[in-house]
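Me: Please take a close look at the pockets here and tell me what lines them. I'd like each cut-off spelled out as you go.

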Amino acid sequence: MQDNESSIGCWVSILYRYRQNYLSKRLDPYNIGSGQHMFLLALAYNDGISQEELSERLKLDKATTAKALKKLEDEGYVARGIDAADKRAYQVFLTPLALRVIPLIKKAVEDWEQLITADLSEDESFLIKQLLRKMAQNACQYKKGS
């Protein structure tokens, strides 16, 4: 059995919690929660996608997505509308307000990554990203099979 300090999950969890805290503080002036920024960033690259597709891209359940989008809609960052091609689906669009804060969100995420990779070489930084991507893909395969 592994001790907690040698567990990958332990270190990933610690990084996740610190990242959430960091982003919460950086985005608080804009009333964007740390868990909501990822929706805005996903939409920055895929504006107008369906709510369901957004859930799939972010690997989140539909209820979590709906709740986050409701808050972002209430804050004026997104607008949802019925998909003309599929009346059962909602498309999600960024508002002009969101377009103004996207660069600030990107900067906060970039600053966090610089902070946590400050002592890594470029090769180490590249390698850790590749390894984490592989691990996430493995986890995704497990989820699909369960």
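Reply: Happy to! For the residue classes, Ala, Val, Leu, Ile, Met, Phe, Trp, Tyr, Cys and Pro count as nonpolar, Asp, Glu, Lys and Arg as charged, and the others, Gly among them, as polar. The model is predicted, so local features need pLDDT of at least 70 and side-chain atom pairs pLDDT 80 or more, while totals for chains, interfaces and linings use all residues. Numbering starts from 1 along each chain as its sequence is written, and side-chain values use heavy atoms, without hydrogens or water.

The lining (residues with an atom within 4 Å of a point) holds 40 residues, and Val12, Tyr16, Arg19, Leu132 and Ala136 are the closest to the pocket's centre. By class, 21 of the lining residues are nonpolar, 7 are polar and 12 are charged.

Five helices (DSSP runs of H or I, at least four residues, numbered from the N terminus; strands are E runs of at least two) each give this lining at least two residues: α1 (8-27), α2 (37-45), α3 (51-58), α5 (96-116) and α6 (122-145). The biggest contributor is α6, with 12 residues.

One of those helices, α2, also has a buried side to look at. His37, Phe39, Leu40, Leu41, Ala42 and Leu43 of α2 are buried (under 20% relative accessible area with a 1.4 Å probe and protein chains only; over 50% is exposed, in between partly exposed). These buried residues pack (heavy atoms within 4.5 Å) against α1, α3, α4 (62-74), α5 and the strands β1 (78-82) and β2 (90-94).

Now for the second largest pocket, with a volume of about 170 Å³.

How values were computed: On a 1 Å grid over the protein atoms alone, a cavity is a set of points where a 1.4 Å probe fits but cannot get out, and a pocket is an open set with protein on both sides within 12 Å along at least five of seven lines; lining residues have an atom within 4 Å of a point. Grid points are joined across faces, edges and corners, and a volume is the space filled by probe spheres set on the points.
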